[in-house]
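User: I would like to learn how to read strand pairing and aromatic pairs in a model. Could you take me through them step by step?

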Amino acid sequence: MGRGALRPPRESDKPGVARRKRIESVFLNIPYDDGFEDLYLAYIVGLMQLGLHVSVALAVPNQGRLETIISLIEKSDYSVHDLSNIRTTKGIPHFNMPVELGLALYRSNRAKGKHRVFVFESKKYRTQRSTSDINGLDPQIHNGTAKGVMAGLRNIFRQPSDATTVPEMLASFRAVRRGLPELRKRSGVKSLFEASVFQDLTVAALVESQKLIERRRQVS
Amino acid sequence: MEQIVISNPVPTPEEMAEIIGMSPERVVEIRRIMDAPPKQTAAQRKRATTGLPARKSNGPRGVAAAKRKR
């Protein structure tokens with residue numbers, strides 16, 4: 001649409017309705033494994049508290065799953081891929097993480113760097129051996145801890161005021177973890193890797209974020 | 001590595017709920033859960049009521065130690 005061209009009125013044009021600013025988004029590619037729950041929670045809390053919107057491929061049926069993942073990557077500004085969970089089932093390795101990383105790398109290449117890709121690992125130098133094609137990506141090493149995930153996220157992203165610190169993020173992570181039994185109960189599911197719990201977790205992380213912002217306001 | 005500066009402010013829970021299609025009632029419920037004081041463990045409850053440190057109930061005090069001496 002050219003400058004000065006007419007466009008249909010939007011909801012946000014109505015008086016009293018503020019136009020919402022676009023929120024930058026991250027596609028989070030992690031294993032949906034019960035042993036990974038803590039790190040999953042750390043990623044959600046960390047990313048939300050940095051002001052990002054998180055997309056995950058949860059509750060997507062196998063049919064059309066690939067298209068959904070491609071669409072989520074296309075809509076995201078960044079993607080975070082955790083390659084730390086190397087496991088096999090009856091001797092068969094799981095390749096979904098590297099496949100999704102490949103899709104994101106292709107997207108980044110086509111979008112001329114507008115989509116940025118980040119890799120997380122638990123052990124130093126392992127990606128250099130397991131996925132040598134991405135040697136230029138410099139993975140963040142989290143050592144399998146929530147603190148490591150938060151530190152890695154803070155290495156990559158920051159807010160203009162450099163506000164949220166790793167200890168603050170960790171405090172929020174612990175607070176959300178304390179609320180997990182109740183959140184699970186309310187959703188009627190056991191696993192955290194369900195779409196309804198994921199939504200609750202994102203909002204719970206922001207509730208904690210708001211408390212932090214309030215505390216900072218009171219101090220200053 | 002160059003850091004990425006996030007240009008948008010952190011959204012409020014209500015703003016995020018609107019984006020993801022969550023009802024305002026659900027947001028209120030999540031706020032209630034997150035604002036609830038952490039549940040006390042049995043040991044913490046005992047300490048709060050008696051003022052004494054909680055101890056594992058392994059029989060009358062001193063009996064186990066006396067047996068070990070024998």
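User: Which residue stands opposite Phe27(A) in β3(A)?

Analyst: Please keep in mind that this is a predicted model. Phe27(A) stands opposite Ser79(A) in β3(A), and this belongs to the parallel pairing of strand β1 (residues 25-29) with β3(A), which extends over four bridges.

User: In what order do the strands form the sheet, and which are the edge strands?

Analyst: The order in chain A is β2-β1-β3-β6-β7, five strands that form an open sheet with parallel pairing. The edge strands of chain A are β2 (53-55) and β7, each of which pairs on one side only. Across this sheet lies α1(A), which covers β1, β2, β3 and β6 of chain A and runs at about 170° to β1(A).

User: What describes a pair of aromatic rings?

Analyst: Such a pair is described by the distance of the centres and the angle of the planes. Rings count as paired if their centres lie within 6.5 Å, and planes under 30 degrees apart are stacked, over 60 edge-to-face, and the rest tilted. By this rule the count comes to five aromatic pairs over all chains. In one of them, the rings of Tyr40(A) and Phe193(A) have centres 4.5 Å apart and planes at 45°, so this pair is tilted. Tyr40(A) lies in helix α1 (residues 37-49) of chain A and Phe193(A) in the loop between α6 (166-187) and α7 (195-219), so the pair ties together parts that are 153 residues apart in sequence.

User: Are Tyr40(A) and Phe193(A) buried or exposed?

Analyst: Both Tyr40(A) and Phe193(A) are buried. Another aromatic pair, Tyr43(A) with Phe120(A), is edge-to-face, at 5.4 Å centre to centre and 75° between the planes. This pair links helix α1 of chain A, where Tyr43(A) lies, to strand β6 (residues 116-121), which holds Phe120(A), over 77 residues, and both Tyr43(A) and Phe120(A) are buried.

User: Which residues do ring pairs link into a cluster?

Analyst: The cluster consists of Tyr32(A), Tyr40(A) and Phe193(A), linked by ring pairs.

Notes
Residues numbered from 1 in each chain as written. Chains lettered and ligands numbered in written order. Predicted model: local features only at pLDDT ≥ 70, side-chain atom pairs only at ≥ 80, totals over all residues. Heavy atoms only, no water. Phe/Tyr/Trp six-rings, centres within 6.5 Å; stacked < 30°, edge-to-face > 60°. Helix = DSSP H or I, 4+ residues; strand = E, 2+ residues; numbered from the N terminus. Buried < 20%, exposed > 50% of the residue type's maximum accessible area, 1.4 Å probe, protein only. Pairing = 2+ DSSP bridges. Contact = heavy atoms within 4.5 Å. Axes fitted to C-alpha atoms, helices over the stretch in contact; angles between N-to-C directions.
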